[in-house]
Amino acid sequence: MRGRIIKRKGSNNYTIVLQLGLDPTTGKRKQRWIAVEGNKREAEDQLTELLHDQARGTLVKPSKVTVGEWLVQWLKDYAWPNLAPRTAEGYESMIRKHIIPGLGKRKLTDLKPEHLQLYYSDRLNNGLSARTVRHHHVTLHTALKTALKRGIIIRNPADAVDPPHFTRPEMHTIGEADLTRFLDAAQETEYYPLFYLALFTGMRRSELLALRWSDVDLILCNAYVARSLHHLRSGETVFRPTKTVKGRRSVALSP
């Protein structure tokens with residue numbers, strides 16, 4: 001048996017016990033114990049994934065992985081394939097500019113809550129806002145949760161850290177008089193249709209820029225949102241389908 005699932009006493013949580021063969025030095029069986037965040041079905045799925053990695057020879061040895069190496073791998077395997085290009089680009093910039101210089105050399109299995117708390121305090125003391133540092137926390141928590149799922153760490157240290165609190169600024173929306181003034185000023189520019197659509201439909205900028213004439217029905221007064229346009233720092237322009245079924249929608253146009 002290469003792996004099994006056991007239920008932890010006094011809880012509804014499960015642990016995977018992965019068999020790693022014999023230790024050539026001691027002759028004893030090597031095991032890896034992996035805590036599962038989820039029910040038994042999720043534990044079974046995670047065990048299947050781990051066994052698949054083990055069979056392919058891609059099961060990572062946790063003692064040799066640094067925080068920086070894992071974050072780079074996470075960007076490649078998770079962020080870029082699953083997130084909008086601009087979102088993934090933002091994650092990559094944050095990780096390479098801040099998180100890797102601050103935490104990257106530490107071994108992933110040695111990362112503790114106090115290391116994260118110290119990192120957050122250091123970022124705040126160096127001028128980053130509480131909102132930005134909280135975003136760092138969310139990114140680290142997500143990346144470490146993936147490492148936990150893959151069996152590289154046995155617990156997520158970000159679970160035991162309190163990220164900085166921040167107060168959301170009060171939103172000030174444009175009034176009817178200012179709306180009219182703005183559109184009057186924009187009417188002679190090439191961007192007038194874009195501004196008009198944005199103000200009267202609430203569509204995102206990336207959705208507006210991706211619209212084609214085939215997406216607009218002037219008879220039924222609808223625009224159909226099916227994709228978005230992203231301009232990356234590299235200069236590349238990327239069209240991407242909407243992330244969810246709910247994102248593909250019909251938007252009513254003004255008369």
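Trainee: How do the axes of H3 and H4 cross?

Mentor: This is a predicted model. In it, the two axes come within 11 Å and cross at roughly 130°. Angles over 145 degrees count as roughly antiparallel and 65 to 115 as roughly perpendicular, with the rest oblique, so H3 is oblique to H4.

Trainee: Left-handed or right-handed?

Mentor: The H3 and H4 crossing is right-handed.

Trainee: Which residues make the contact?

Mentor: H3 brings His98, Ile99, Gly102 and Leu103. H4 brings His115, Leu116, Tyr119 and Arg123.

Trainee: Switching to the largest nonpolar core. How many residues has it?

Mentor: It has 29 residues. Ile99, Leu103 and Leu116 are among those with the most contacts inside it, and so are Trp70, Trp74, Leu108 and Leu140.

Trainee: Which helices supply this core?

Mentor: H2 (67-82), H3 (85-103), H4 (113-125) and H5 (130-149) each give at least two residues.

Trainee: And what does Leu140 touch?

Mentor: Leaving aside residues up to four places away in sequence, Leu140 touches Leu71, Ile99, Leu103, Leu116, Tyr119 and Tyr120. There is also a second, separate core of nine residues, including Tyr14, Ile34, Val36 and Leu51.

Trainee: Now the strands. How does E6 run against E7?

Mentor: Antiparallel, with five bridges joining E6 (residues 227-231) to E7. His231 has Thr237 of E7 as its bridge partner.

Trainee: What about the hairpin's Gly235?

Mentor: Gly235 takes a positive phi near 95°. The hairpin has five residues between the strands.

Trainee: Which E7 residues are on the covered face?

Mentor: Val238 and Arg240. Thr237, Phe239 and Pro241 are on the uncovered one.

Definitions and conventions. Residues numbered from 1 in each chain as written. Predicted model: local features only at pLDDT ≥ 70, side-chain atom pairs only at ≥ 80, totals over all residues. Heavy atoms only, no water. Buried < 20%, exposed > 50% of the residue type's maximum accessible area, 1.4 Å probe, protein only. Helix = DSSP H or I, 4+ residues; strand = E, 2+ residues; numbered from the N terminus. Pairing = 2+ DSSP bridges. Core = buried A, V, L, I, M, F, W, Y, C linked by side-chain atoms within 4.5 Å. Contact = heavy atoms within 4.5 Å. Axes fitted to C-alpha atoms, helices over the stretch in contact; angles between N-to-C directions. Parallel < 35°, antiparallel > 145°, perpendicular 65-115°, else oblique. Left-handed = near helix turned anticlockwise from the far one by under 90°.
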